[in-house]
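Here are some worked exercises to go through with the model open beside you. Try each task before you read its solution.

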Amino acid sequence: MALEFDEQLSRLQKPNRDEMTNKEYEVFNQNVEAMEKNWGFINNLFKVLPLNASQYIGFLNFKGSLFNPETCYLTNADKEMIGVVVSSINCCSYCLTTHGDALRGYTKNPILVDKLSYNFRSARDMLSEKQYALCEYAWYVTKHADEIGEEQIEKLRQAGFNDHEILEAAFVAGFFNYTNRWVSTIAPVANAGHFSHNRNFEK
């Protein structure tokens with residue numbers, strides 16, 4: 001299905017197909033096909049951000065570099081967990097909705113994800129030591145960006161993370177803080193499907 005820009009889904013104007021190159025439009029459609037296959041619907045951001053097509057492709061490339069299992073050190077579940085914690089602290093409802101959906105899919109545990117969304121500390125008994133340390137790191141660097149120091153690195157090392165993983169955790173936490181701020185600014189409409197998706201795993 002070809003991507004159309006016929007809905008008003010944010011505070012910004014709708015993208016204009018005529019302002020995109022055919023190559024840019026092809027990139028957007030490839031992502032749409034993947035989402036329709038995996039989720040059954042299109043994440044609304046993909047109908048909003050092509051307004052600045054070349055910048056959006058840069059965003060997609062950077063995001064892809066952080067979520068490529070062949071070149072990354074943390075699991076995608078770890079990274080989505082960071083996304084949930086960061087988005088919860090930043091009160092970014094759209095990102096919390098989408099990352100919560102993705103993390104439910106990875107963990108098959110909606111209760112855990114809901115607890116992480118409310119307050120990651122409420123899920124401590126459901127997390128490993130490393131997972132909890134990662135959540136604490138994501139919380140600290142989001143809540144106290146002006147106080148980041150050697151202690152945050154040492155806590156991750158003590159929990160068992162190596163320096164490759166720590167650098168990636170820093171990239172990911174920074175990335176999601178970045179997305180939270182511009183997503184909150186443009187206020188996209190969350191897909192209704194995200195709220196119920198990946199909640200029932202009974203056979």
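**Exercise 1. Check the span of α3 against its end-to-end distance.**

Step 1. Helices here are DSSP runs of H or I with at least four residues, strands are E runs of at least two, and both are numbered from the N terminus. The expected span is 1.5 Å times one less than the number of residues.
Step 2. For α3, with 14 residues, this rule gives 20 Å, and the end C-alpha atoms are also 20 Å apart, so the two agree.
Step 3. Just past the helix, C91 has a positive phi of about 55°.

Before going on, a word on the source: this is a predicted model, in which local features need pLDDT of at least 70 and side-chain atom pairs count only at pLDDT 80 or more, while totals for chains, interfaces and linings use all residues. Residues are numbered from 1 along each chain as its sequence is written, and side-chain values use heavy atoms, with hydrogens and water left out.

**Exercise 2. Decide how far α3 is enclosed, and find what covers its buried residues.**

Step 1. Buried means under 20% relative accessible area, exposed means over 50%, and partly exposed lies in between (1.4 Å probe, protein chains only).
Step 2. Twelve of the 14 residues of α3 are buried, so the helix is largely enclosed by the rest of the structure. Among them are D78, K79 and E80, as well as I82 and V84.
Step 3. Using contact (heavy atoms within 4.5 Å), the cover over these buried residues includes α2, α4, α5, α6 and α8.

**Exercise 3. Describe the largest pocket by volume and lining.**

Step 1. On a 1 Å grid over the protein atoms alone, a pocket is an open set of points with protein on both sides within 12 Å along at least five of seven lines; a cavity is a set where a 1.4 Å probe fits but cannot get out, and lining residues have an atom within 4 Å of a point. Points are joined across faces, edges and corners, and the volume is the space filled by probe spheres set on them.
Step 2. The largest pocket holds about 820 Å³. Its lining has 33 residues, with M35, W39, F46, K63 and E80 nearest the centre.
Step 3. Two or more lining residues come from each of α1 (22-38), α2 (53-66), α3 (76-89), α4 (93-107) and α8 (163-186). The most come from α4, which gives eight.
Step 4. Count Ala, Val, Leu, Ile, Met, Phe, Trp, Tyr, Cys and Pro as nonpolar, Asp, Glu, Lys and Arg as charged, and the others, Gly among them, as polar. The lining then splits into 18 nonpolar, twelve polar and three charged residues.
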